[in-house]
Amino acid sequence: WEKVFASMDKNVTQTTLNNNYGDFLMDAVDNAKDQFTEDELKTLTEGSEQIRDLEDQIQPLQEQYAALQPAGDGEDGGMNDAVPTFPTFTGKDLDGNDVDSSIFSQNAVTVVNFWFSGCKPCVAELGDLNALNETLKKQGGALIGINVDTLDGNADAISTAKSLLESKGASYQNIYFPSDSAAGDFAGDIMAFPTTYVIDRSGAIVGEAMLGGIDNEDNMAALQKLIDQALAND
């Protein structure tokens, strides 16, 4: 699966992932099929088909749930409810310092990068992310990393993550929180790595998530637009 994720189109959008994720995986497997043995391809195809079937079963339940939710009060057409926010959290950084979601209010813009240690594209962009953090600091912003392996304070995962960050000269803050928290659920819903969000001072998510590394020029340009938007609105 790591080979599949590494071969994915880094310009894929969140809108694409909002469709049946099984179909998305099937296309990715097909595009990379030359890299796999016959048995590996069979395993990947069967796995994608199972995910597709589960998505088909979940969709009606999601629609039923949405239909049961109360409508907006009419004053703003419910539009305020449509603004997504990063879940509140209480956690620590990789050095053991306490952190919480008030971190967003301290910055004009916060770029949040989700990654994991076994993800080659994630590790490859760590140096670029550190350079971006230095730029953001001059603009009153910051970049933070969230290595999903480190959730719940897994000591071995924290040690590995710190070693990787150090090897890439990345000194920006990385944090973790409990996996059974709202923020943990948010992280658990991420299906492709790296994934990066732009958060404004109020904790609201600006635009869509950006999938793929910022070492890709198009991705960096798209991310910069979101950063500029958050700074302009601050």
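How many disulfides does the structure hold? The structure, a predicted model, holds one disulfide. The legends below cover that bond, a helix and several aromatic pairs.

**View 1. The disulfide between Cys119 and Cys122.** The sulfur atoms of Cys119 and Cys122 lie 2.3 Å apart and form a disulfide. The bond is right-handed, because the torsion about the S-S bond of the two cysteines is about 75°. Cys119 has a relative accessibility of 5% and therefore counts as buried, the cut-off being under 20%. Cys122, at 0% relative accessibility, likewise counts as buried.

**View 2. Helix α6, residues 126-138.** The helix has 13 residues, and the distance from its first C-alpha to its last is 19 Å, close to the expected 18 Å at 1.5 Å a residue. Its buried residues are Leu126, Leu129, Asn130, Leu132, Asn133 and Leu136. These residues lie on the same side of α6, because they cover an arc of only 160° around the axis. After α6 comes Gly140, which has a positive phi, near 85°.

**View 3. Packing of the buried residues of α6.**

**View 4. The aromatic pair of Phe114 and Tyr197.** A search of the whole structure finds ten aromatic pairs. One of them joins Phe114 and Tyr197 in an edge-to-face arrangement, with 6.1 Å centre to centre and 80° between the planes. Phe114 belongs to strand β3 and Tyr197 to strand β6 (residues 195-200), and the pair links distant parts of the chain, 83 residues apart. Both Phe114 and Tyr197 are buried.

**View 5. The aromatic pair of Phe116 and Phe193.** The rings of Phe116 and Phe193 are edge-to-face, 5.2 Å centre to centre, with 90° between the planes. Phe116 lies in the loop between β3 and α5, and Phe193 in the loop between α8 (182-188) and β6, so the pair ties together parts that are 77 residues apart in sequence. Phe116 counts as buried at 18% relative accessibility. Phe193 also counts as buried, at 19% relative accessibility.

**View 6. A cluster of aromatic rings.** Ring pairs link Phe86, Phe89, Phe104, Phe114, Phe177, Phe186 and Tyr197 into a cluster.

Key: Residues numbered from 1 in each chain as written. Predicted model: local features only at pLDDT ≥ 70, side-chain atom pairs only at ≥ 80, totals over all residues. Heavy atoms only, no water. Helix = DSSP H or I, 4+ residues; strand = E, 2+ residues; numbered from the N terminus. Expected span 1.5 Å × (residues − 1). Buried < 20%, exposed > 50% of the residue type's maximum accessible area, 1.4 Å probe, protein only. Arc of directions from axis to C-beta. Contact = heavy atoms within 4.5 Å. Disulfide = S-S within 2.5 Å. Phe/Tyr/Trp six-rings, centres within 6.5 Å; stacked < 30°, edge-to-face > 60°.
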